[in-house]
Amino acid sequence: MAHSVRDEALALLRRLGVSEAAFAPGGLPARSPITGEIIATLRETTAAEATAAIDAAARAFPAWRAVPAPRRGEFVRLLGEELRAAKADLGRLVTLEVGKIVSEGLGEVQEMIDICDYAVGLSRQLFGLTIATERADHRMMETWHPVGVVGVISAFNFPVAVWSWNAALAFVCGDPVVWKPSEKTPLTALAVQAIVERAATRFGGVPAGLSSVLIGGRSIGEVLVDDHRVPVVSATGSTAMGRQVGPRVAARFGRSILELGGNNAAIVAPSADLDLALRGIAFAAMGTAGQRCTTLRRLIVHRSVYDTLVPRLKTVYASVKVGDPREDGVLVGPLIDGPAFDGMERALGEARAIGGAVHGGVREHAAQWDGAYYAAPALVEMPRQSGPVLRETFAPILYVMRYEGFDEAIAMHNAVGAGLSSSIFTMDMREAERFMSASGSDCGIANVNIGPSGAEIGGAFGGEKETGGGREAGSDAWKAYMRRATNTINYGTTLPLAQGVTFDIMG
């Protein structure tokens, strides 16, 4: 049997450099979903301390924005080096605190390293445009400037990677970062802050307050949301959370980067490579125990291949190993907590009530760990797309439905509130191109012959509709962490006005 989660986690925290001052008897309990045991209790940030952290970040901003962008990139390069050195330990801590299998825990830290590499290059590419002007002897252009303190509110399922998508870009753009991690995963956040501090020491001259972590629940997040000195708030979580955060930030004319729910679907067309589809579906639907925002939740299968593909999927679902994610061969670890399992049971009950045939979904290992919540992934054959199929349940449930014509498949695909990620399995070029066109998937991510999960950092990550519209990581997502200025320079001796306006004065 694997050794104590608590002992292993505490040893990792010491190696990663987390201070003993972070712990406090009777404080916020940090639990492992692997066994349900409490690893440690942490000192919670008070509202006054949260305000003080924002104060420090606001003071750090003028100094940091004055550092040339390529030098800021050097700081992020050093951060990437420190993450490489700590990858094994931090990845293992992700496994212990979230319940991800070992390769997924390590993969999350690799995402952090990748975004640091990306941001280092970006530090020399914060380009503006030169714009054609109608006025002779004038030049018009745009420039990009640091915007200020960036608040990051992250979710439990990617406890460190999402912070890095924001922080690596914010740092090179010239912005301090104040981070409120999920109260379900505070340990990995403390470890990351210790790694940031090591990079800062190596860099030298990093202003105090450039990076900070606030430990606590909703009330501490609200301090970030409501403080006018935080012009950008990046919040990852449920659509319900986004409905609260977005209006509150907008009320003070701040900007939100919202990464919210995803009720992601894949279409399996008649021409699909079913071997490829089977592998893609299995990872997308069961990876991270169905607790990714990009998890595959709806499978829309053409009638002609349904009876070939779905029995094979049932076999895979029945054979996948569920258990302690530290063990070899385990592909599905635990749900984060009891309420997550309760939500899964409710959704499956609703599906049965409207005619769904549920395969799997039962609790496992309860006798061994009564405080942990392991569930066999559920494959649910639905007569139609209704009830729980129309909303996101953060658990390993895959609803499967038939379709006849491609227009019907697209309509089914788009008939949900969220619009994060999507995919199609097809060898028909017309279907693939239609799916990616304006009349196809309405999601921020649209893939062909891969599942909807497993995005790379080079592309902008995010979605439409109830997913919130935010974008993080690659492409031009960096612009959300800066402010744009349009500049016009007159290098002539006259003053022509735009739009042919004349305004002659005597003098």
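How many salt bridges does the count come to? By the rule used here (a side-chain nitrogen of Lys or Arg within 4 Å of a carboxyl oxygen of Asp or Glu), the count comes to 31. This is a predicted model, where local features need pLDDT of at least 70, side-chain atom pairs count only at pLDDT 80 or more, and totals for chains, interfaces and linings use all residues. Residues are numbered from 1 along each chain as its sequence is written, and side-chain values use heavy atoms, with hydrogens and water left out.

**View 1. Glu104 pairs with Arg292.** Their side chains form a salt bridge at 3.8 Å, N to O. The partners sit 188 residues apart, Glu104 in helix α4 and Arg292 in the loop between α9 (274-286) and β11 (296-302). Glu104 counts as buried because its relative accessibility is 9%, where buried means under 20% relative accessible area, exposed over 50% and partly exposed in between (1.4 Å probe, protein chains only). Arg292, at 11%, counts as buried too.

**View 2. Glu111 is buried with no salt bridge.** Glu111 also belongs to helix α4 (residues 102-122). Here the nearest side chain of opposite charge is Arg292, 5.9 Å away.

**View 3. Lys314 meets Glu381 in a salt bridge.** The N to O distance is 3.0 Å. Lys314 is partly exposed at 29% relative accessible area, while Glu381 is buried at 17%.

Methods: Helices (H or I, at least four residues) and strands (E, at least two) are DSSP runs, numbered from the N terminus. Lys and Arg count as positive and Asp and Glu as negative; His and the chain ends are not counted.
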